[in-house]
Amino acid sequence: GTRAHSLAKSSAFCFAVLQLPQVVKNGVELWGSRVDVLKGLSPDTFLTAFLGNCMLLCYFANRGENAGFAVQVVGILSNATVMMQLCLAGSVPLGAAVAIVLTLVGCLAMGFVHNANIDVPLRLPQGPWHGLQVLLGLYSWSTLHEVIGRTFPLALPRAMQLAVNAAWAVLAAVGTWWALRKAEARQERLCEVAGWMGTVLFVIMPLPQLMTSWVNLHAVRDIAAPSVLLGMVGNALCIPQALTTSDLVWLVGTAWGTLSALMLLFLVQRWHSLDSLSALSTPLMVWSALAATTALYLLWAVTNQRRAGRA
């Protein structure tokens, strides 16, 4: 338990460094007035990650899981920083940037106050905290709808598209009613919804890049493999703690984060191997060693949890 918790806490370093190369690169381009370079970045990707971090911060605050809470704080700050840089480049409207800053302040302030495992001298009423989670959930739900529509585009008639949008809105209304209808179960239900919503956002987030890169291998040429590797290691370090606490939300998110990064790195090595005449190129051998190490690590995590459960 202690070892798993230490591994999860150390993952915050990986996620802190993860966006650092991007932030520094963006800063250099802004300083040199080369804002067109930043317009190649998709604000939707960072917005999806930001919302996912906010939802999971609410989830971990409600559960009092400080290791997961710390990771989400780092994610919120790093993704918001990139979004502010994109605002300076003109890719994000000023109104949206102001909303992101207000959301950031509200999530961090209320998250720390309502964290079940942090002693604070002031405890605020639950109403604003519940309201924040509902608003974040509804906005995340609408963002998820847009991301899925862009990832899996379907040429639907206008009437059918309106019907799909209406059904999506009805599901949001029903989910909100279910979460809020009983005061005694409200906190637990909001916690569950926040956790799964954040996890689904992170599950959907890498799919556009994976699908585009699979169809067009040259699309991976601008991907920073070290950043992908850091994200993979950060997620992998959280898996033992997710197993220890039997937290399915955390386990699904971290396992998918690990495996999706491994798949993306496989496509990166394929692109680097295009000019190789050998079937067993150096990038492939490096990736194979990484995949084998990941498999052994996951086997150790599962085995260690089973032994702890029998003890």
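Modeller: Helix α2 (residues 20-31) packs on helix α5 (residues 66-88) at an angle of about 20°, their axes 10 Å apart. Axes here are lines fitted to C-alpha atoms, for helices over the stretch in contact, and angles run from 0 to 180 degrees between N-to-C directions. This is a predicted model, where local features need pLDDT of at least 70, side-chain atom pairs count only at pLDDT 80 or more, and totals for chains, interfaces and linings use all residues. Residues are numbered from 1 along each chain as its sequence is written, and side-chain values use heavy atoms, with hydrogens and water left out.

Colleague: How are α2 and α5 oriented to each other, parallel or antiparallel?

Modeller: Roughly parallel, a label for angles under 35 degrees. Helices are DSSP runs of H or I, at least four residues, numbered from the N terminus.

Colleague: Which residues in α2 and α5 meet?

Modeller: Gln22, Val23, Asn26, Gly27 and Leu30 in α2 meet Thr81, Val82, Gln85 and Leu88 in α5, with contact meaning heavy atoms within 4.5 Å. The contact has four nonpolar, five polar and no charged residues. Ala, Val, Leu, Ile, Met, Phe, Trp, Tyr, Cys and Pro count as nonpolar, Asp, Glu, Lys and Arg as charged, and the others, Gly among them, as polar.

Colleague: Other end of the chain. At what angle do α10 and α12 cross?

Modeller: Helix α10 (residues 207-215) and helix α12 (residues 248-272) cross at roughly 25°, and their axes come within 10 Å. They are roughly parallel too.

Colleague: And what classes of residue make up the contact of α10 with α12?

Modeller: Seven nonpolar, three polar and one charged. Among those that meet are Trp214 in α10 and Trp256 and Arg270 in α12.

Colleague: Switching to charges. How many salt bridges are there?

Modeller: One, counting a side-chain nitrogen of Lys or Arg within 4 Å of a carboxyl oxygen of Asp or Glu. The side chains of Arg63 and Asp247 form the bridge, at 3.2 Å, N to O.

Colleague: Which parts does the pair tie together?

Modeller: Arg63 lies in helix α4 (residues 43-63) and Asp247 in the loop between α11 (225-244) and α12, so the pair ties together parts 184 residues apart in sequence.

Colleague: Is Asp247 buried or exposed?

Modeller: Buried, at 3% relative accessible area, whereas Arg63 is partly exposed at 41%. Buried is under 20%, exposed over 50% and partly exposed in between, with a 1.4 Å probe and protein chains only.

Colleague: Last one. What does Ser140 touch?

Modeller: Leu51, Met55, Met197 and Leu201, leaving out residues up to four places away in sequence. Ser140 sits in helix α7 (residues 126-151) and counts as buried because its relative accessibility is 0%.

Technical notes:
Helix = DSSP H or I, 4+ residues; strand = E, 2+ residues; numbered from the N terminus. Parallel < 35°, antiparallel > 145°, perpendicular 65-115°, else oblique.
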